[in-house]
Amino acid sequence: MANTVNMVLDNELRIMPKLPALILLVTFATTHGVVWDCDKQTSCATCTGMSHLLDAGSPTSAGQSENPQHLEGEEDEQLGTQLIGCNWCPDDNSCHAYGSLFNKCSSDTYLKFPDVCPTDYPSSTTPDFLPDWMGSLNAVLGNLTVLDLSLPGTHDSLTYDLSTTVSDGGIDDYPELSKILNLFSGSVDIIPGQIEDFIRQQARTQGLTITQQLDNGVRFIDFRQMKEGEGGWYSLHCLESNNLSFTYLKEIKEWLQLHPQEVVVAWITKHGNGGATGDDAYPGVKAEDKQAYWSQVVDLFSDLIIDTTVSSPNSTSLNDLIARSHRFIPYLGDYEEFASDDLKKYALDGSLVDNQLGSSVETEVNSYQSEKDAFSSAAETKKNDKLSNRLYLRSMATSSPGCQIEAAAYMKFDPFANSDDQIKSCTSGCFDIPSLVGWCPTSLMDVAQMGAYYKQLTLEMAYNNFDQGWEFPNAIYLDSLDVDGTIRVGTTLPWGVEKDDDVAEHKTSRYPYADTLIGFNVKLACKLGQGDEEKCTEFTNMIDERRKVYEIEVWDDGKYGRSKDWPQ
Ligand SMILES: *[C@@H]1O[C@H](CO)[C@@H](O)[C@H](O)[C@H]1NC(C)=O
Ligand SMILES: *[C@@H]1O[C@H](CO)[C@@H](O)[C@H](O)[C@H]1NC(C)=O
Ligand SMILES: *[C@@H]1O[C@H](CO)[C@@H](O)[C@H](O)[C@H]1NC(C)=O
């Protein structure tokens with residue numbers, strides 16, 4: 001198993017030795033008059049969002065709470081390092097002071113951090129069309145191949161279930177995260193799990209589970225995995241997942257069995273690089289371990305997986321894929337080594353994914369332009385890719401700028417950091433969005449939702465410019481998927497954390513991502529002469545009605561980076 005976060009240390013970089021940090025935190029709590037009213041918190045997000053600070057043992061340091069929670073625990077006598085703060089108990093849906101006598105939860109069911117609060121997924125809005133959209137639209141889509149379609153996808157699809165253990169796959173793209181571990185691990189890890197949780201919040205891109213994503217229309221999965229030391233294969237994004245990656249594959253399989261006309265493409269890599277091979281793909285993992293794992297996966301999907309000696313993404317129709325039960329289509333990174341020769345036919349080579357990255361919301365002016373360029377020329381790109389059986393994939397994913405991660409870490413962990421300075425260096429220093437003032441995003445999901453606000457503009461433009469020849473790629477992958485196949489463009493996080501002073505009616509605003517891509521598929525199929533006129537009209541109208549439920553909304557928010565007239 002991999003190192004835990006606080007083992008990843010470089011002593012030279014530590015700024016605060018442990019004991020002074022303790023004193024700083026206690027001083028901060030006392031001078032700022034922090035009050036813990038745990039029992040007054042009514043939601044998991046506000047409860048766990050209360051600062052986790054320290055009690056040096058004296059009653060005054062717990063703030064001037066009118067109703068001080070009695071604290072108990074083994075640590076009471078040791079160094080006075082009793083933690084105070086609030087935790088949510090899912091058993092009785094209430095908020096308790098850490099270690100409170102009235103605590104009805106066993107310590108493992110406690111929810112300690114906002115990002116593990118349950119994601120709001122109201123069953124009343126569970127979509128009835130999206131779980132079976134391919135089947136429902138068969139009369140127009142049935143004779144098309146996968147490489148004629150545009151599939152709604154998610155980025156880092158499994159990050160809803162990250163643990164707090166650093167993966168052997170490493171913190172590849174995030175030197176800032178290693179730096180933060182180094183800076184703060186020795187000093188604030190007295191608050192158990194807090195740094196690990198901070199890292200997790202910089203790595204999580206999705207709130208919905210894989211089954212929920214599929215139910216919401218997603219048919220392209222960015223499936224990331226790594227073998228963890230002598231342990232098994234886990235999913236990862238900096239941190240490893242809670243469950244074995246096989247668990248999520250089983251979920252996908254069970255979902256496919258329940259939805260007999262749906263086809264799912266999975267892009268299986270360590271880090272979104274389908275062309276990487278050997279140690280570049282999975283450092284230190286032996287070929288025999290990869291092949292043993294792949295053989296298990298083929299067994300799992302035995303009666304559902306594509307056989308590429310018979311079917312091909314660029315020439316086999318959906319109808320034939322369904323008839324042959326070739327509905328699970330994996331693109332395998334490190335293909336040569338991952339699949340033994342006899343099992344190669346059950347996957348496409350990951351290097352056949354033409355993955356175009358574009359840029360992220362930190363340079364939104366460039367992103368906006370590059371998305372317009374990509375969509376206005378997508379028809380040409382797809383045509384060329386299809387000739388060589390390549391799948392044109394476009395990233396609309398977010399990456400957190402390193403300077404934002406750093407600023408957010410200082411604001412959280414260094415009680416004497418000047419937050420005005422940190423916010424300034426985070427906003428104008430890390431993003432080009434003029435209306436981002438007074439707020440430094442503190443998680444990747446915050447950045448992603450702000451990004452999604454702008455991604456909706458180019459998605460909508462591509463859809464509306466269909467008659468001018470704009471198209472979508474074979475698949476798009478992005479963050480912050482939400483209910484009804486939407487992406488969340490508002491400010492409230494999926495696990496319920498709300499912002500202050502934002503625009504009240506746009507807290508959970510959403511854009512109909514899946515329906516927009518599906519509606520495009522219908523238009524394109526009809527243009528290609530598929531389906532009769534009656535079906536084309538019926539389906540087009542039905543999807544336009546669905547898109548209206550979440551009609552695109554733009555607004556000005558002078559703090560949280562949403563602008564009406566920018567970046568046009
Ligand atoms: C994964 O593991 C966690 C706990 O470690 C559990 O709560 C969750 O339901 C598991 N299963 C899936 C499929 O995510
Ligand atoms: C599909 O790709 C293969 C190359 O793998 C190519 O030979 C073939 O012509 C392509 N078929 C179509 C219909 O584009
Ligand atoms: C698909 O092809 C079959 C056989 O050629 C034909 O009967 C059917 O009408 C076609 N479906 C569509 C949607 O065009």
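Trainee: With which side chain does the side chain of Asn389 make a polar contact, and at what distance?

Mentor: The side chain of Asn389 makes a polar contact with the side chain of Ser312, at 3.3 Å. A polar contact is a pair of N or O atoms within 3.5 Å; within protein, one must be able to donate a hydrogen and the other to accept it, and residues adjacent in sequence count only if both atoms are side-chain atoms. This is a predicted model, in which local features need pLDDT of at least 70 and side-chain atom pairs count only at pLDDT 80 or more, while totals for chains, interfaces and linings use all residues. Residues are numbered from 1 along each chain as its sequence is written, chains are lettered from A and ligands numbered from 1 in the order in which they are written, and side-chain values use heavy atoms, with hydrogens and water left out.

Asn389 is found in the loop between helix H14 (378-387) and strand E15 (391-395); helices (H or I, at least four residues) and strands (E, at least two) are DSSP runs numbered from the N terminus. With a relative accessible area of 15%, Asn389 counts as buried (under 20% relative accessible area; exposed is over 50% and partly exposed in between, with a 1.4 Å probe and protein chains only). Apart from neighbours within four places in sequence, Asn389 is in contact with Leu147, Ser312, Pro313, Asn314, Leu348 and Leu352, where contact means heavy atoms within 4.5 Å.

The chain around this residue has 19 helices and 19 strands. Of its 568 residues, 59% are buried. Among contacts between residues at least 6 apart in sequence, 77% join residues at least 24 apart.

The structure also holds 6 disulfides, each a pair of cysteine sulfur atoms within 2.5 Å. One of them joins Cys47 and Cys95, with sulfur atoms 2.1 Å apart. Cys47 lies in helix H2 (residues 44-49) and Cys95 in strand E4 (residues 94-97), so this pair ties together parts that are 48 residues apart in sequence. Both of these cysteines are buried, and their S-S torsion is about 85 degrees, so the disulfide is right-handed.

Helix H16 (residues 419-430) contains Cys430, whose partner Cys403 lies in helix H15 (residues 402-413); their S to S distance is 2.3 Å. Cys403 is partly exposed at 34% relative accessible area, whereas Cys430 is buried at 7%. Cys426, also in H16, pairs with Cys440 in the loop between H16 and helix H17 (444-464), with the sulfur atoms 2.2 Å apart.

Finally, ligand 1 is surrounded by Asp161, Asn242, Asn243, Thr247 and Glu251, a residue being near a molecule if one of its heavy atoms lies within 4 Å of it. Strand E10 (239-244) and helix H8 (245-258) each supply at least two residues of this shell. A polar side-chain atom of Asn243 lies 2.6 Å from an oxygen atom of ligand 1, and a ligand oxygen atom is 3.2 Å from an N or O atom in the side chain of Asp161. The protein covers 44% of the 350 Å² of accessible area that ligand 1 has on its own; such areas come from the Shrake-Rupley method with a 1.4 Å probe, and for residues only the protein chains shown count as cover.
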